[in-house]
Amino acid sequence: MKKYFSTRIINRVIPLCVVVLLPFNKVLAQTKTEDTKMNVFVTGLINKMTIDEKIGQLNLVTIGAATTGSVVNKGVEDKIKKGAIGGVFGIWGADKVKEVQDLATKSTRLHIPLIFGLDVIHGHRTIFPIPLGLSASWDMGLIKRSAQIAAKEATAEGLNWVYSPMVDIARDARWGRISEGSGEDPWYGSQVAKAMIQGYQGSSMKNADAVMACVKHFALYGGAEAGREYNTVDMSRIKMYQDYLPPYRAAVDAGAGSFMSSFNTIDGVPATGNQWLLTDVLRKQWGFKGFVVSDYTAVNEMEAHGLGDLQMVSALALKAGLDMDMVGEGFLTTLKKSLAEGKVTKQEIDLACRRVLEAKYKLGLFDNPYKSIDATRETKDVLTPENRSEARNISKHSFVLLKNSAQTLPLKKTGSIALVGPLANNQRDMLGTWVVAGDWEKSISVMQGIKNLVGNGVTINYAKGANITEDSSFIQRLNFFGQQMVTVDKKPADELLNEAVEAAKKSDVIVAVVGESQSMSGESSSRADIDIPESQKNMLKALAKTGKPLVIVLFNGRPLTLTWEDEHASAILDVWAPGTEAGNAIADVLFGDYNPAGKITATFPRSVGQIPIYYNHKNTGRPYDGKGPSKFKSNYLDISNDPLYPFGYGLSYTTFGYSDVKLNKTKLKGTETLTATVTVTNTGKYAGEEVVQLYISDPVASISRSVKELKNFKKINLQPGEQKEVSFNITPEELKFYNTQLKYDWEPGKFIVQIGTNSSDTHSASVQWDK
Ligand code: BGC
C-alpha cells in the first residue's frame, strides 16, 4: 500500500436506446423513478452518517507529488480508513486503485466507495491532439470519439472521473491554457463541450467504460487580465452571458455530472466562494444537478485573495454552493468548528454531502465499487492498435495549413529532404501539455513517421539545427518539475545552425519542425512574447537564405506571431501537439495521403500588441475601415488591425469556390425559417474537405452587437471539379442575444447572413425580419 502513496506523479443523460424505443412521457417517468430510487438510497445513507463522515465525503485528496500546486496531502491511508476522504486523484492502474478502494469499502464504518479522478484531458494512454488542435478539426464526431476512447482507457485503469472538458473561452494567446480549450467562440465552444461530455459519459455513467465529466473552470478563467495565469477577471454581465458562459451552460444541458470552480475572482468574489455563480447561475438559472469541486487548493487561495482565514473562506465556499474541496482540506479541518459556532448549517453540509453521494450513485459505485477495476481490460483496452489508428486519423484532421505557396505541399515521395529543427527527431514534445498518464516513449517522432511512410524512397538529411531556446533561465522554468522536459544540445548555436544549412544545401526541400515544446503551453505557462523562440528563428532565417523551398511544421499550444514566417516560408503546416501518433499523422499530410482541412478556432495576431484579438469584436463608433491605419479611427499607428490568420481560417491542397448567397426569402415574420444556400465548388486538383461557415450580423439593435457571430457550419467533401449546395436553416433562435436587462431575445430589423471559408472571407445577403 505504502508504495502507492509514495509514487511520484509526473506529470444526464437518458439512455439513447430508451429514447428511441420509448415515448417521451415513459422516459420521463423512468427518469423520475430512478431519481426517486437515488433519493431514497442517499437519504437513507445520510441519516446513518456522523458529521465527520459527511465532511469526509467533501474532501478530495491527491496521492503523490503534485503537478499543479505545491501542496500534497499527507496521512491519506489513515484518513480513508476514518472516512475522512470522499475521493482521490492522481493514481491509476487497476491494482493500485483496487488497493485504495479496498481501504474505503472494507475498512470504513459505512463502506462508502471513493471516486477516482484524474486529469484526462486529451486522451489517457493514447494521446490525441491538444484540445485547441482537436477543436481545429471542426468534426464533432471525431472529438466525441476521442473522449470515448479516453473514457474506455481511463476506466480500464480504475478511473471514473475526468477533469475535462475545459470549456473556458480564450481570446488571449499569451495565456498558456488556451491550449486546453476550444478557442475564442462561444457557439463553437458549446458544440465541442457537448461532444466531449457525450463521449465521456456515454449513454449511462453506470456503463463500465463511461466516466463522469468535470467541466472546468467555472467560470471565465480564460478572461484573465494580460493573459497572466491565475490573474483577475473582470467583465460586464452582458459579456459574460453572451461570450463566456454559453459553453458551460451547454455542458449543463448535455448532462455533465460535475463542475470545477475556477481560481479567478468574478465581480471581486473568487469563483470558489461565489454564491451568484455557483448557486444562482449554475443551479437556479441553469438547473445543474451535479456537484461542484474546487480547483486545486482554490478554497485556501481565497485567503490570499483577501477574503479571510481558512475557516472563514471554507464556510463561505460551502455556503456559496461548493461541494468538494480539492487538496486544501479547508472543509475537513474547519467545517465542524464552523457548524458548532453557527457559521454553517447542518443542512448546508448535508446538501454538499448528498451531491457527492449522488455522483457516486450515478456512477453505479454503490452497486459495484470495483466496476471499472478489471485487470484484463487494462491489458486489452489500453493503447491498442485500434486506438492508435483512431488517434492518427483524429490528429491529421486537426492540422491547419496556414500557408502553401506554389503548391509546395504535398511533397513528393522521392528525392531528398532536409529534416531540421529541435522537434524533428523528438518524441516527448509530440504529446503536448496535460498528459498525466501518457508515455512519450510510445509516441512517433516526425522523423520516424516520415520513414514509416516513405521508407527509402526519400533521402532524409537530418540536423537538429537549433535548441528549443538558448535562454538558460527560460529552460530552467520549462524544466520546472525537476524533469528534463527540454534537452539542450551543448554545441554552439552557430554550429547547430550550420549543420542545418548544410543539410538544406544538399536537399530538394527543407522541412523545419519548430515551435513550442511541451512545457511552453498549458497551466502556468503564460508567455509575454509569443514568437517562435529566437534560436529557432535564427535557424529559419539562415535556411530561408539557401533559396530552397522551406516548409515549416509548427508545434504550438497557442496562436503564435508568425509574420516573418508567413512572409518567408513556402508552406506552414500547424500541427499543434498531435499526440501519440504525431509523426505518422504528419507524414500522411506532408506527403498528400491526407489533404488537410483544419481551421483555426483562435485568431492568430500579427503582434502580441493586438491582443485580445477575436473575430466577433464590436464595431466601435469609429470603425477601422480595413484599409490600414487612418487618423481618428479605432486602429494603431504602427500596425493594421487585421489578424495574420482570422478565426475559421485554414487552407487545403485544393481550392474551393463559393457562389453568392441565395436566400429563400428576404422578408420574414415571427418564427418563420430562413434558408440560406451557397454552392461550393472544388476548383483544384485534389479531393478535399471544406468547413463551410455561417455567420450572422445584427447591425441595428438596442445594444451594440458584435460585427458577426458564428451560428453554424457544415463540413463537406468534394472531388476535383465537384459542386455541392450547402444550405443552412436559420430561425429566430440564431438571432437572440442578451440585452441590458440580460433578457435573451431577438429584436426585429435587418440581419446580414454571411457564408464563407473563414470569418473574414464570406459572401453575404441581407433580410428584413419582423416580429
Ligand atoms: C488545474 C485543473 C486541474 C487540477 C487537478 C489545477 O491546478 O487548474 O485544471 O484539473 O489542478 O490537477
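**Close-up views of a predicted model**

**Figure 1. Charged side chains over aromatic rings.** Lys714 is placed over the face of Phe728, 5.2 Å from the ring centre. A charge sits over a ring if NZ of Lys or CZ of Arg is within 6 Å of the ring centre and within 35 degrees of the ring normal. Arg237 has its charged end over the ring of Trp276, 3.6 Å from the centre of that ring. The model is predicted: local features need pLDDT of at least 70, side-chain atom pairs count only at pLDDT 80 or more, and totals for chains, interfaces and linings use all residues. Residues are numbered from 1 along each chain as its sequence is written, and side-chain values use heavy atoms, with hydrogens and water left out.

**Figure 2. The aromatic pair of Trp175 and Tyr221.** The structure holds 28 aromatic pairs (rings of Phe, Tyr and Trp, the last by its six-membered ring, with centres within 6.5 Å; planes under 30 degrees apart are stacked, over 60 edge-to-face, the rest tilted). The rings of Trp175 and Tyr221 are edge-to-face, because their centres are 5.1 Å apart and their planes stand at 85°. The two residues are 46 residues apart: Trp175 is in the loop between strand 4 (161-162) and helix 9 (186-201), and Tyr221 in the loop between strand 5 (212-218) and helix 10 (237-244). Helices (H or I, at least four residues) and strands (E, at least two) are DSSP runs, numbered from the N terminus. Trp175 is buried, at 0% relative accessible area, and Tyr221 is buried at 1% (buried means under 20%, exposed over 50%, partly exposed in between, with a 1.4 Å probe and protein chains only).

**Figure 3. The aromatic pair of Trp746 and Trp769.** This edge-to-face pair of Trp746 and Trp769 has 6.1 Å between centres and 65° between planes. Trp746 belongs to the loop between strand 25 (744-745) and strand 26 (749-756), whereas Trp769 belongs to strand 27 (residues 762-770), so the pair ties together parts 23 residues apart in sequence. Trp746 and Trp769 are both buried.

**Figure 4. Asp588 in helix 24.** Asp588 is found in helix 24 and, with 4% relative accessibility, counts as buried. Its side chain makes a polar contact of 2.8 Å with that of Arg392 (a pair of N or O atoms within 3.5 Å; within protein, one must be able to donate a hydrogen and the other to accept it, and residues adjacent in sequence count only if both atoms are side-chain atoms).
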